[in-house]
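Please look over the sequence and the model before reading on.

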Amino acid sequence: MLHIFPDPSSIADYVSSTLVEKIRSKPELVLGLATGGTMEPIYARFVERVRRQKVDVSRLTSFNLDEYVGLSPDHPKSYSAYMREHLFQHLHFDRSRLHVPDGLAPDLEAHSREYSRKVQQCGGIELQLLGVGGNGHIGFNEPGTPFDSRCHVVRLSERTRLDNSRFFEGNAIVPASAITMGMVEIMQAREILLVATGESKAQIVAEWYRREVTEAVPFTVLKRHARAKVILDEAAASQLPDQVRRSLTAVPA
Ligand code: F6R
């Protein structure tokens, strides 16, 4: 399940070509999408590839993992805005099939239940893209989140707010809470590609490798998934034991 690539660019090639292949064989694919710095080169390469290979993305359905509570879809730091900027505006999607939780929903709990229901109605996620937080979160499922949680409202940890402050320049404050798909929706995905790049992820990747499955490190749950790939660049893999790093070879793009 573990694959090491030289750098984020070769990961972007691999993930974007995997996505294109899957969409070609099933244009109505249901994708689970992530935001964050890790995904930016991947979406950029995907956009290029879709254009070059004239792939039809109009029948795709997507569900984003999460959104900050209190940010409207038009707020420049919302995940809706991120998705428009990095992916949605560049290709001919059917916008009615693209879902991002609404951080301004008047009843957030009801909205979370409804979001989870929609994922089920679409048959669940077929291919889920994930990044990982420096504390091991996936989506915004912070350490300690029960593995049986569904889409819910979460209070973000100080660590996550600090990590994400790099996206909020000036005095803008990182929101204190978010809506996230739960561990259940993520683990029900038929296939998962988790990507971690850069030295800032090396420590949590090493911890993931060392530890048994535990709610204290949400990302460890992927060890229970039959079709999850953990895709690392060399920097993110740098604290893995030497023999592990040597024995792993990149899957061909
Ligand atoms: C974002 C998300 C988060 C990020 C994680 C890593 O939608 O679900 O779990 O994937 O915080 O973020 P970056 O890629 O910015 O390091």
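**Labels and their grounds**

Leaving aside residues up to four places away in sequence, H152 touches S112, N141, T145, A178, I179, T180 and G182. The model discussed here is a predicted one.

Q: What makes these residues contacts of H152?
A: A contact requires heavy atoms within 4.5 Å. S112, N141, T145, A178, I179, T180 and G182 are counted as touching H152, which itself is found in strand 7, spanning residues 152-155.

Q: Why is H152 called buried rather than exposed?
A: The relative accessible area of H152 is 16%, and buried means under 20%; H152 is therefore classed as buried.

Q: How do you know that the side chain of H152 makes a polar contact with R150?
A: A polar atom of the H152 side chain lies 2.7 Å from the backbone oxygen of R150, and the limit for a pair of N or O atoms is 3.5 Å, so the distance falls within the cut-off.

Q: Is L232 buried or exposed, and what value decides the matter?
A: L232, whose place is in strand 10 (residues 228-233), has a relative accessibility of 0%. Since the label buried applies under 20%, L232 counts as buried. Outside the four places on either side in sequence, L232 touches L2, H3, I4, F5, I11, A196, V205, A237 and L240.

Q: How far apart are the C-alpha atoms of L232 and E28?
A: These two C-alpha atoms are separated by 28 Å, while the residues stand 204 residues apart along the chain.

Q: Which classes make up the lining of the largest cavity?
A: The structure holds one cavity of 30 Å³ or more, and the volume of the largest cavity is about 40 Å³. L31, L33, F46, L60, S62, L87, F88, F93 and L98 line it. Because Leu and Phe count as nonpolar, the lining comes out as eight nonpolar residues, one polar and no charged.

Notes: Residues numbered from 1 in each chain as written. Predicted model: local features only at pLDDT ≥ 70, side-chain atom pairs only at ≥ 80, totals over all residues. Heavy atoms only, no water. 1 Å grid on protein atoms, 1.4 Å probe; cavity = no way out; pocket = protein on both sides within 12 Å on 5 of 7 lines; lining within 4 Å. Points joined across faces, edges and corners; volume = space filled by probe spheres on them. Helix = DSSP H or I, 4+ residues; strand = E, 2+ residues; numbered from the N terminus. Buried < 20%, exposed > 50% of the residue type's maximum accessible area, 1.4 Å probe, protein only. Polar contact = N/O pair within 3.5 Å; in protein donor to acceptor, adjacent residues only side chain to side chain.
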